[in-house]
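Q: I have a chain and its coordinates open. Can you show me how to read the features, one at a time?

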Amino acid sequence: MNLIESLNQRYASKMMNGTKIPEEKFQTILEAIRLAPTSLGLQPFKVLIVENQALKDKIFEKAAPGQPQIPTCSHLLIFAANRKITRDMLDEYFELIEATRDLPAEKLLAYRNIMNGLVDKSEEQNFNWAARQTYIALGFGLVSAALLGLDSVPIEGFSASVLDELLNLKEQNLGSVTMFALGNRDEEKDYNAKLPKVRKSKEYLFVKL
Ligand SMILES: Cc1cc2nc3c(=O)[nH]c(=O)nc-3n(C[C@H](O)[C@H](O)[C@H](O)COP(=O)(O)O)c2cc1C
């Protein structure tokens, strides 16, 4: 299947059947998420992996009761953005650049100065910026799942404050932004599986200037 065929056949699954997806495909999705670009390359988030059934059930019950894909999925990913960009985070990032590219710190000073500005911004500004980065990573995960023929659904319909409390995210300088459930559809109950895709036309969406 080519890219557009895969994107046409993917859809937001409304019910999964509880079976596991192949580990190799799951690892490929994680790698695609890791390779997603982020502004300034900082990757200011963590992706939490939930496979444990009891924890999936708890998240469904407490933070996302309207999302039956959560207890029935194979793997649930939680994209959690950094609340505050700290000097320590920048130090760690620059050590990684220096080691990966074999560069002395002096060569990176101008870049570092640009990034230092992030530390001076408010927690709200940092979090909003970091949260936007998670959506790009989520998009990479979505496209990868489609290409691998896996069912999935992005989930924003949950209480972030409840989830953050449940997983102690605030203490880890994190805030949940979105979730991504991966698995195999329930052939009978997944009503979205057979519905035609609703999309605006090319003529409407793309505006040639
Ligand atoms: C950021 C984001 C958040 C979403 N949140 C939910 C959600 O909480 N629950 C759900 O069932 N679907 C959710 N969706 C799925 C969308 O409703 C769905 O992608 C959209 O209607 C287009 O349909 P399609 O994905 O089947 O082509 C979300 C999609 C995105 C991109």
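A: Start with the ligand shell. A residue is near a molecule if its C-beta atom, placed from the backbone, lies within 6 Å of it. Keep in mind that this is a predicted model.

Q: Which residues surround the ligand?
A: Tyr11, Ala12, Lys14, Gln67, Val153, Pro154, Ile155, Glu156, Gly157, Thr178, Asn192 and Lys197 surround the ligand. The largest share of this shell comes from strand 3, residues 151-155, with three residues.

Q: How many residues of each class does the shell around the ligand have?
A: Sort the shell by class. Five residues are nonpolar, four are polar and three are charged.

Q: Let us step back to the whole chain. How many helices and strands does the chain have?
A: Nine helices and four strands. Read from the N terminus, the elements run α-α-β-α-α-β-α-α-α-β-α-β-α. The C-alpha trace spans about 60 × 45 × 35 Å along its principal axes. Of the 209 residues, 33% count as buried.

Q: What do the contacts say about sequence separation?
A: Take the contacts in the chain with a separation of 6 or more. Residues 24 or more positions apart account for 84% of them.

Q: How many bridges join strand 2 to strand 4?
A: Count the bridges pair by pair. Eight join strand 2 to strand 4, residues 174-183, and the two run antiparallel. Within that pair, Phe79 has Thr178 as its bridge partner in strand 4. Thr178 is also one of the residues around the ligand. His75 stands opposite Leu182 in strand 4.

Q: Is strand 2 mostly covered or mostly open?
A: Mostly covered. Strand 2 covers residues 75-82, and eight of its eight residues are buried.

Q: What does Leu182 touch?
A: Set aside residues up to four places away in sequence. Leu182 then touches Ile21, Phe26, Ile29, Cys73, Ser74, His75, Ala145, Leu150 and Ser152.

Q: Why does Leu150 count as buried?
A: Count the C-beta atoms around its own. The cut-off for buried is 20 or more within 10 Å. Leu150 is buried because it has 22 other C-beta atoms within 10 Å.

Q: Where does Leu150 lie, and what is it in contact with?
A: Leu150 lies in the loop between helix 7 and strand 3. Beyond its neighbours within four places in sequence, Leu150 is in contact with Ile21, Lys25, Ala145 and Leu182. Leu150 and Gly183 are 33 residues apart in sequence, and 6.5 Å apart in space, C-alpha to C-alpha.

Notes. Residues numbered from 1 in each chain as written. Predicted model: local features only at pLDDT ≥ 70, side-chain atom pairs only at ≥ 80, totals over all residues. Buried ≥ 20, exposed ≤ 12 C-beta atoms within 10 Å, placed from the backbone. Pairing = 2+ DSSP bridges. Nonpolar A, V, L, I, M, F, W, Y, C, P; charged D, E, K, R; others polar. Contact = placed C-beta atoms within 7 Å.
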